[in-house]
Amino acid sequence: GGQARRLVIARNLYNCGDIILADEPCAGLDAKNAKAIMENLTDFVRKENKILIVISHENHNPLLFDYVLLLSKKEPNAFGRHFDLVKTSPQYVEWIN
């Protein structure tokens, strides 16, 4: 569950480099645990001045991230900051709703 996943992530962050690639970090977790993990992960990278790249099929809170890249059929569909994409990308708006 969430506790075990947090432990694995914490152990991996202990000696991580400047760029962290998180491939489906919340797969199989309930919404509460997924939210906690994503908030802790983004807090960590901001405090430690790291770069975080999250690959996910889930719609995590896009406000946690500086930039969002939305792919559709393996092609870039939208890229930018959340508030800009809400104004310019109907596909992004559909994805977050």
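Me: Before we start, what counts as a disulfide here?
Reply: A disulfide is a pair of cysteine sulfur atoms within 2.5 Å. This is a predicted model, where local features need pLDDT of at least 70, side-chain atom pairs count only at pLDDT 80 or more, and totals for chains, interfaces and linings use all residues. Residues are numbered from 1 along each chain as its sequence is written, and side-chain values use heavy atoms, with hydrogens and water left out.

Me: OK, how many disulfides does that rule give?
Reply: The count comes to zero.

Me: Is Cys-26 buried or exposed?
Reply: Cys-26 is buried, with a relative accessible area of 4%. Buried means under 20% relative accessible area, exposed means over 50%, and partly exposed is in between (1.4 Å probe, protein chains only).

Me: Where does Cys-26 lie, and what is it in contact with?
Reply: Cys-26 lies in the loop between S1 and H2. Leaving aside neighbours within four places in sequence, Cys-26 is in contact (heavy atoms within 4.5 Å) with Arg-5, Ala-34, Ile-37, Met-38 and His-60. As for His-57, it is 31 residues from Cys-26 in sequence, with 9.8 Å between the two C-alpha atoms.

Me: Changing topic, how many helices and strands are in the chain?
Reply: The chain has four helices and four strands, and along the sequence they follow the pattern α-β-α-β-β-β-α-α. Helices (H or I, at least four residues) and strands (E, at least two) are DSSP runs, numbered from the N terminus.

Me: And what's the radius of gyration?
Reply: The radius of gyration is 14 Å, close to the 13 Å that the globule rule gives for 97 residues, so the chain is as compact as a globular protein of that length. That radius is taken over C-alpha atoms, and the rule is 2.2 Å times the number of residues to the power 0.38. Along its principal axes, the C-alpha trace spans about 40 × 30 × 25 Å.

Me: What percentage of the residues count as buried?
Reply: Of the 97 residues, 31% count as buried. Among contacts between residues at least 6 apart in sequence, 47% join residues at least 24 apart.

Me: Which residues have a positive phi although they're not glycine?
Reply: Glu-24 is one of them, with a phi of about 50°, and Lys-74 has a phi of about 65°.

Me: Where are they found?
Reply: Glu-24 is in the loop between strand S1 (19-23) and helix H2 (31-48), and is partly exposed at a relative accessible area of 21%. Lys-74 sits in the loop between strand S3 (68-72) and strand S4 (75-80), and is exposed at 78%.

Me: Last one: what is Phe-44 in contact with?
Reply: Leaving aside neighbours within four places in sequence, Phe-44 is in contact with Leu-13, Cys-16, Ile-20 and Lys-50. Phe-44 is found in helix H2 and is partly exposed, with a relative accessible area of 24%. His-60 is 16 residues from Phe-44 along the chain, and their C-alpha atoms are separated by 16 Å.
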